[in-house]
Amino acid sequence: MKYSPYSFSRISTFETCPRHFKFSYIDNLKEDEKECLKKGSTVHSILENFTDYKHNNRIVEEFISSELGKKYLPYIDNSKPNRKEFPFGLTSKLEPCDFEDSNCLFRGKVDLMFVEDKMLNLIDYKTGKYKEERYQNYEQLIFYSIYFFNTYKYIKRIRISFVYVEHCLENCLILSRDSFPIYIKKLISLITKIENEKEFNCNRSRLCDYCSFKDLCRKEVQK
């Protein structure tokens, strides 16, 4: 594979704009770090390293004191290893491997995981604007579930949830093992599409005005 290891971020970048993918992951050009990303990193860091809560962060404080925060508070305790951030990898045969494995094709990190009522829960924290449930793209955690269905053969269902920390809201979906082959087929299809791409053209959209590579992209178009 030319562009592995893949992540959901790499795949979604390609789907949004192939040229942005080229600049970021083939040419290895650096992007300006946006304030929204800095905020997201801070919130993730606090929640993922949560032991004795002494952080002065308004977003996290409001989340922890909310009903949703209280729901997840018992599971955020970082002293329980299986409940903190969990990095993982998948080989080209989509078999489980370590995050840093040299044969890793796809990898990711789950922000929070725990078992409740005999169901595995996978949580991803989101900052920024809340997406209504009907617009939620669940692919990130659906692809992550491939690792867990493969690793824990006894698991029949996985509950995936995107928790919007700033809004104290979440969108959930329950995945079944019966649909496992569909998830695999979709992930392989997307990776194959990227591997076979030749042009890496720009997808013009309103997002272009906010792209770190907009000036470079315009020069490419003018050639």
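The model is predicted. In it, helix H1, made of residues 8-16, packs against helix H7, made of residues 180-195. Asn121, which lies in strand E5, is buried and has a relative accessible area of 3%. The backbone features include a cis peptide bond between Ser4 and Pro5, as well as a positive phi at Lys118 and at Phe200.

**Packing of H1 and H7**

- The axes of H1 and H7 are 11 Å apart, and the two helices pack at an angle of about 60°, which makes H1 oblique to H7.
- Where H1 passes H7, the crossing is left-handed.
- On the H1 side the residues in contact are Ile11, Phe14 and Glu15, and these meet Leu187, Leu190, Ile191, Lys193 and Ile194 on the H7 side.
- Sorted by class, this contact of H1 with H7 has six nonpolar residues and two charged residues, with no polar residues.

- Through its side chain, Asn121 makes a polar contact with the side chain of Arg159, at 3.2 Å.
- Leaving aside residues up to four places away in sequence, Asn121 touches Leu112, Met113, Phe114, Glu116 and Arg159.

- The peptide bond that joins Ser4 and Pro5 is cis, with an omega of about 5°.
- Pro5 has its place in the segment before H1, the helix that packs with H7.

- Lys118 is not a glycine, yet it has a positive phi of about 65°.
- The loop that holds Lys118 lies between strand E4, residues 112-116, and E5.
- Lys118 counts as exposed because its relative accessibility of 85% is over 50%.
- Phe200 likewise is not a glycine and has a positive phi, here of about 50°.
- The loop that holds Phe200 lies between H7 and helix H8, which is made of residues 214-222.
- Phe200 counts as buried because its relative accessibility of 6% is under 20%.

Note on methods. Residues numbered from 1 in each chain as written. Predicted model: local features only at pLDDT ≥ 70, side-chain atom pairs only at ≥ 80, totals over all residues. Heavy atoms only, no water. Axes fitted to C-alpha atoms, helices over the stretch in contact; angles between N-to-C directions. Helix = DSSP H or I, 4+ residues; strand = E, 2+ residues; numbered from the N terminus. Parallel < 35°, antiparallel > 145°, perpendicular 65-115°, else oblique. Left-handed = near helix turned anticlockwise from the far one by under 90°. Contact = heavy atoms within 4.5 Å. Nonpolar A, V, L, I, M, F, W, Y, C, P; charged D, E, K, R; others polar. Buried < 20%, exposed > 50% of the residue type's maximum accessible area, 1.4 Å probe, protein only. Polar contact = N/O pair within 3.5 Å; in protein donor to acceptor, adjacent residues only side chain to side chain.
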